[in-house]
Amino acid sequence: MKLAKKVISVLACMGIAGMAFAGCGGGGTGIHVITREEGSGTRGAFTELLGVVDENEKDAIISSAEVTNSTQVMITTVAGDRNAIGYISLGSLSADVKAVQLDGVSATVENVKNGTYKLARPFNLAYKDTLSAAGEDFIDFIMSEQGQSIITAEGYIGADDAPTYTASGMTGTVKLAGSTSVAPVMYKLQEAYMRLNSGVTVEVNEGGSSAGMTAAINGACDIGMASRDLTDSEKAELDFTTIATDGIAVIVNIENSVSNLTSEEVRKIYLGQLTDWSGR
Amino acid sequence: MTRDTVTARVLRKDLHPRGGISHRVTEGVSRILFLLFACVSILSVLTIVLFLLVQGVPALSEIGVTEFLFGSEWRPSADIYGVLTMVVGSLSVTAGAIIAGVPLALLTAIFLARFCPAPFYRVLKPVLRLMAGIPSVVYGFFGLTVIVPILYNVFGSGKGILSASVLLGMMILPTVAEVSENALRAVPGSYYEGALALGATPEAGVFSVVLPAARPGVSAAIVLGIGRAIGEATAVVMVAGNQPVLPDGLLSGVRTLTANIVLEMSYAADLHLGALIATGIVLFVFVLLTNVALAALRHTGRQK
């Protein structure tokens, strides 16, 4: 019992000391860097487009950056942290956070489309060459005027002059799996397609880009969805179609006075070379 | 509950001393049925182990066991896989959860077992059970929107060992409290009465006689708590910050083994995927160790 008391008192002292020690470091203007997890399509596009890479062209986001695998957690964290910086899909941008201008260009659909906003990534559908007629028809629908207008309405960037789609009375089942970034817009496409083609059942499963590619390769689904370019090993097995482009917004806290960053500054922040908001 | 079942079985045996034929048939059939169910659960454990080994070992040998276990850098994009930071992360967060949760849980258990007035018990007990049943994602969101902002405002940094420890402490509290309470109740009443008869106050009787007597059960409760804390993923991912770096303080962000898997599994391919499954093997070994510890504690408890 005596021992237990000693242990408890020592732990309590450690706890208090730890808190007192930690208390010294609070506040300030140190940049709080938040990133998506390794392998995320958003992160892959972000590092590649901004050149947040080492001498071997590999992802070099500073390891002390906070990591999350959820857009929602990213938004909540940035919304509650005055010194935070993060990045999310343009389509997920909410009023809780502020999207900064990159090199003086606002993160908007128009600017992604006209090429002035640099941070954008492809949404790809990948499939084997044995894809069923119904599967091909579904992709035709997505690439048509109707499909592309749904993509545009969701905040992503589609093609402008797409052909008109007419239903051809297909039957069958088309299974899709993959990117959680692509899935929300895919549900809308699925709904619209099945309204035109009552004979076809389209199923959409979310599980991440790589899981979708793996499923497409091993036949667990007909079409895989990826929010990034395909890797070489995936390209060897699958054909792909780019159905849309998605912008990536760099976000900061609403109270942050910064509203414009150069891409070099963002790159340095994520490399850990620029660590304080006042040091810009 | 176990005692009730035993009593019921004894009663039934008294009612049917020999048992009718139909009774025996039902018993035989259900015996086979239950054996089958038991086999299914054993088989699923074996399948999981097999899956981990088949998928993880090739990656492990490609990376190198030493590099994997003791490498402090995790950069899948550059094919660098070291889980040391996450082993440290898992251990520190679990230790933090024990420090934050166990004292509270033990005091709760003592209160429930010895001092709680009956009407209050009827409220407190279900609340505790409810607490155990709250899904971890709800705990995680609570942590993200309540605990993290509080810590951020006080210390200037929200996510890290401290936030994860506090949250995990809350999550293991009901389990540890409930198992400890049962252990405390299992101590024969004569111990407590004997202490009182020797002039101890009720508090002294509980803390220096009943609690030590219940130690094996209480230790088992703590080990159960450790198991839950080390295996928790969903909630921890939301509040720990998940940086794959060695922590340098209570506020430093950490990535746990579970968080590593949850974070990157959905996008991983090739060697990265194998490395994540190998992370699962490390985690599995940890859980195995906790279970062995639990079994050992139960064993010593029974011997006493």
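In this predicted model, 32 residues of chain B are in contact with 41 residues of chain A. Putting the two chains together buries about 2,900 Å² between them, and 57% of that area is on carbon and sulfur atoms.

The polar side of the interface can be counted in two ways. Between chain B and chain A there are 10 residue pairs in polar contact, with both residues at pLDDT 80 or more. The rule for salt bridges finds 2 across the interface of these chains. One of them joins the side chains of A:Asp54 and B:Arg75, with 2.5 Å from N to O. This pair counts as a salt bridge because the rule asks for a side-chain nitrogen of Lys or Arg within 4 Å of a carboxyl oxygen of Asp or Glu.

Which elements of chain B give two or more residues to the side that touches chain A? They are the strand β1 (74-75) and the helices α6 (136-155), α11 (234-239), α12 (257-264) and α13 (270-303). Of these, α6(B) gives the most, with 4 residues. Sorted by class, the residues on this side of chain B are 19 nonpolar, 8 polar and 5 charged.

Rolling a probe the size of a water molecule over the atoms shows where empty space is left. By the rule used here, the model has 1 cavity of 30 Å³ or more, and the space in the largest cavity comes to about 30 Å³.

Chain B supplies the residues that line the largest cavity: B:Ser90, B:Val93, B:Thr94, B:Leu168, B:Ala229, B:Ile230, B:Glu232, B:Val236, B:Thr256 and B:Thr258. Two helices of chain B, α4 (84-115) and α10 (215-231), each supply at least two residues of this lining. The largest share comes from α4(B), with 3 residues. By class, the lining has 5 nonpolar, 4 polar and 1 charged residues.

Two loop residues of chain B remain, and their backbone angles can be checked in the structure. Where does B:Asp79 lie? B:Asp79 is in the loop between β1 and β2 (80-81) of chain B. Its phi is near 55 degrees, a positive value in a residue other than glycine. B:Asn242 is found in another stretch, the loop between α11 and α12 of chain B. Phi of B:Asn242 is near 65 degrees, again a positive value in a residue other than glycine.

How values were computed. Residues are numbered from 1 along each chain as its sequence is written. Chains are lettered from A and ligands numbered from 1 in the order in which they are written. This is a predicted model: local features need pLDDT of at least 70, side-chain atom pairs count only at pLDDT 80 or more; totals for chains, interfaces and linings use all residues. Side-chain values use heavy atoms; hydrogens and water are left out. Contact means heavy atoms within 4.5 Å. Buried area is the accessible area (1.4 Å probe) that two parts lose on being put together, summed over both. A polar contact is a pair of N or O atoms within 3.5 Å; within protein, one must be able to donate a hydrogen and the other to accept it, and residues adjacent in sequence count only if both atoms are side-chain atoms. Ala, Val, Leu, Ile, Met, Phe, Trp, Tyr, Cys and Pro count as nonpolar, Asp, Glu, Lys and Arg as charged, and the others, Gly among them, as polar. On a 1 Å grid over the protein atoms alone, a cavity is a set of points where a 1.4 Å probe fits but cannot get out, and a pocket is an open set with protein on both sides within 12 Å along at least five of seven lines; lining residues have an atom within 4 Å of a point. Grid points are joined across faces, edges and corners, and a volume is the space filled by probe spheres set on the points.
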